[in-house]
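Subject: Structure for you, with notes

Hello,

Here is the structure I said I would pass on. My notes follow below it.

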Amino acid sequence: MSAPLQDAWSAARVAVLDPDGTRRAVDKYDAPALAANSGPVNFHVMAKPVGSICNIDCTYCFYLHKEHLPGGPGAARMSDETQETFIRQYMAGVTGPEVTFTWQGGEPMLRGLDFYRRAVALQKKYARPKQTVNNDLQTNGTLLDEEWCAFLKEHKFLVGLSIDGPREIHDQYRVDKGGQPTFHRVMHGLALLKKFGIRFNTLTCVNRHNARKPVDIYKFLRDEIGSTYMQFAPIVEYRAFKQRSVQAQNQAQPAPRECDPESRPGHPNSIVTDWSVDPEDWGYFLCRLFDRWVQRDVGKIYVNQFETLIAQHLGEPSQMCVYSENCGKAVAVEHDGSLYSCDHFVYPDYRIGHLADGNLRQTVLARDQVKFGYAKSEMLPQYCRQCSFLSDCWGECPKNRILRTATGEPGLNYLCRGLKTFYAHALPQIDRIVAGLRANKTKGARP
Ligand code: SF4
Ligand code: SF4
């Protein structure tokens with residue numbers, strides 16, 4: 001718990017009334033809501049203007065299936081009314097100096113340019129004095145044209161471009177509805193982004209096919225794409241992910257242990273899809289990527305996995321929710337206005353409210369959502385609690401905790417063995433980088 005939250009919690013050691021009228025003592029799950037009365041509130045909402053609808057059909061996409069999820073949001077476009085309600089409540093709810101809109105999908109550009117023109121106008125309408133508004137658009141890049149780019153440039157959007165590597169790597173899984181490759185279309189979109197001078201970063205999904213090619217991918221992103229801000233996300237999809245969350249899955253049947261063959265992709269009874277990255281390959285990928293980066297690109301190329309480690313070793317918070325002790329401050333709003341605990345937990349069990357309830361901030365700070373965030377650390381197996389990398393890893397994302405430990409404890413992260421390999425490999429160098437940064441800071445502070 002952060003110091004302001006701790007203070008708010010301690011100061012408010014009083015009873016509260018639950019919505020059903022029950023009187024009970026305040027506990028730590030009330031702290032964020034109590035702290036909101038006396039300090040700035042910051043949270044993040046990922047918006048889905050077209051839900052899971054997409055113009056292409058990536059094999060590994062975890063979101064395409066939401067339109068068929070029983071009890072889920074279905075498939076439709078966000079209405080103008082929902083859009084305005086969202087923007088108004090979000091801008092009123094975040095009382096810190098900065099509010100960031102992340103438009104994601106599916107493919108968010110399918111909602112059409114007029115939707116975003118209206119979004120920008122509404123943001124101006126509802127902005128408080130001195131409130132900074134950022135817009136991020138995560139896209140597959142295939143629909144970018146001159147008109148879009150002129151708009152994105154004018155309104156300073158940050159574009160996240162999904163690209164998995166050079167042509168033969170990218171086209172393995174990122175195909176259109178007819179199974180045709182998309183690489184050439186992404187490169188066309190990239191050329192337009194560059195022509196218009198639009199800020200962009202790259203998002204590369206690391207899967208079973210490309211995980212053994214980290215150097216090819218890194219060199220391609222750096223030298224051919226010109227990416228200076230690279231994000232890498234491991235693809236981990238347990239087989240039943242289309243129907244239920246991993247927590248529901250774990251209750252339905254005991255998970256394999258880390259040492260069982262079913263814990264790896266490719267086994268006929270594997271717990272994960274064939275395209276999921278092998279955990280050892282994830283470790284290999286990160287280690288080789290790190291070696292390349294550390295040789296000549298520290299301070300020049302931002303790689304999300306490495307920068308977050310540096311931040312943590314500088315004593316700062318993790319820049320990625322997956323490596324934070326707790327999470328829960330990044331919710332998702334679907335096209336119909338329904339709110340979910342996280343983009344990775346868009347399942348009926350994790351529907352936390354609706355914009356029609358009238359107060360987005362209250363929903364994000366409510367006990368159930370705070371408990372969701374605390375569960376990240378509270379549900380860690382003993383094996384993680386005793387791990388020497390705990391303060392770097394924090395058990396990674398709960399969505400990936402689909403294994404049991406060798407002694408049978410549930411809740412072990414699928415990526416564990418790769419993460420351990422990476423931490424053991426990279427931390428000595430990370431500590432040297434951090435020592436250098438501290439020394440420079442000290443020198444700079446001298447008169
Ligand atoms: S569930 Fe995973 S992706 Fe979602 S906020 Fe928590 S750590 Fe992040
Ligand atoms: S490296 Fe493995 S054991 Fe250690 S905290 Fe992460 S998931 Fe848990």
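Helices (H or I, at least four residues) and strands (E, at least two) are DSSP runs, numbered from the N terminus.

This is a predicted model, in which local features need pLDDT of at least 70 and side-chain atom pairs count only at pLDDT 80 or more, while totals for chains, interfaces and linings use all residues. Residues are numbered from 1 along each chain as its sequence is written, and chains are lettered from A and ligands numbered from 1 in the order in which they are written.

The buried residues of α5 (146-154) are W148, C149 and L152. Seen down the helix axis, they fall within an arc of 95°, so they line one face of α5; the arc is that of the directions from the axis to the C-beta atoms. Their cover includes α4, β5 (132-139), β6 (158-162) and α7 (183-195), where contact means C-beta atoms, placed from the backbone, within 7 Å.

**Helix α8**

In α8 (214-225), P214, I217, Y218, F220, L221 and I225 are buried. Their arc is 160°, so these residues too line one face of the helix. D223 and E224 are exposed on the other side. Among the elements covering the buried residues of α8 are α6 (167-173), α7, β7 (200-206), β8 (229-234) and α10 (279-296). Just after α8, G226 takes a positive phi of about 75°.

**Helices α3 and α4**

The axes of α3 (80-93) and α4 (113-126) come within 10 Å and cross at roughly 35°. Axes are lines fitted to C-alpha atoms, for helices over the stretch in contact, and angles run from 0 to 180 degrees between N-to-C directions. On the α3 side the contact is made by D80, Q83, E84, I87, R88 and M91, and on the α4 side by F115, R118, A119, L122, Q123 and Y126. These divide into six nonpolar, two polar and four charged residues. Ala, Val, Leu, Ile, Met, Phe, Trp, Tyr, Cys and Pro count as nonpolar, Asp, Glu, Lys and Arg as charged, and the others, Gly among them, as polar.

**The two ligand shells**

Ligand 1 is surrounded by C321, V322, C327, A330, C342, H344, F345, K376, C397, P398 and K399; a residue counts as near if its C-beta atom, placed from the backbone, lies within 6 Å. By class, this shell has eight nonpolar, one polar and two charged residues.

The shell around ligand 2 consists of Y383, C384, C387, F389, L390, C393, G395, E396, N413, C416, L419 and K420. Two or more residues each come from α14 (382-385), α15 (390-393) and α16 (416-445), and α16 gives the most, with three.

**Backbone points to check on screen**

Most residues other than glycine have a negative phi, and most peptide bonds are trans. E396 has a positive phi of about 50° although it is not a glycine. E396 is buried, with 21 other C-beta atoms within 10 Å. K156 has a positive phi of about 55° and counts as exposed, with 12 C-beta neighbours inside 10 Å. The peptide bond from G105 to G106 is cis, with omega near 10°; G106 lies in the loop between β4 (98-103) and α4.

Regards

Technical notes: Two residues are in contact if their C-beta atoms, placed from the backbone, lie within 7 Å. A residue is buried if 20 or more other C-beta atoms lie within 10 Å of its own, exposed if 12 or fewer, and partly exposed in between; C-beta atoms are placed from the backbone.
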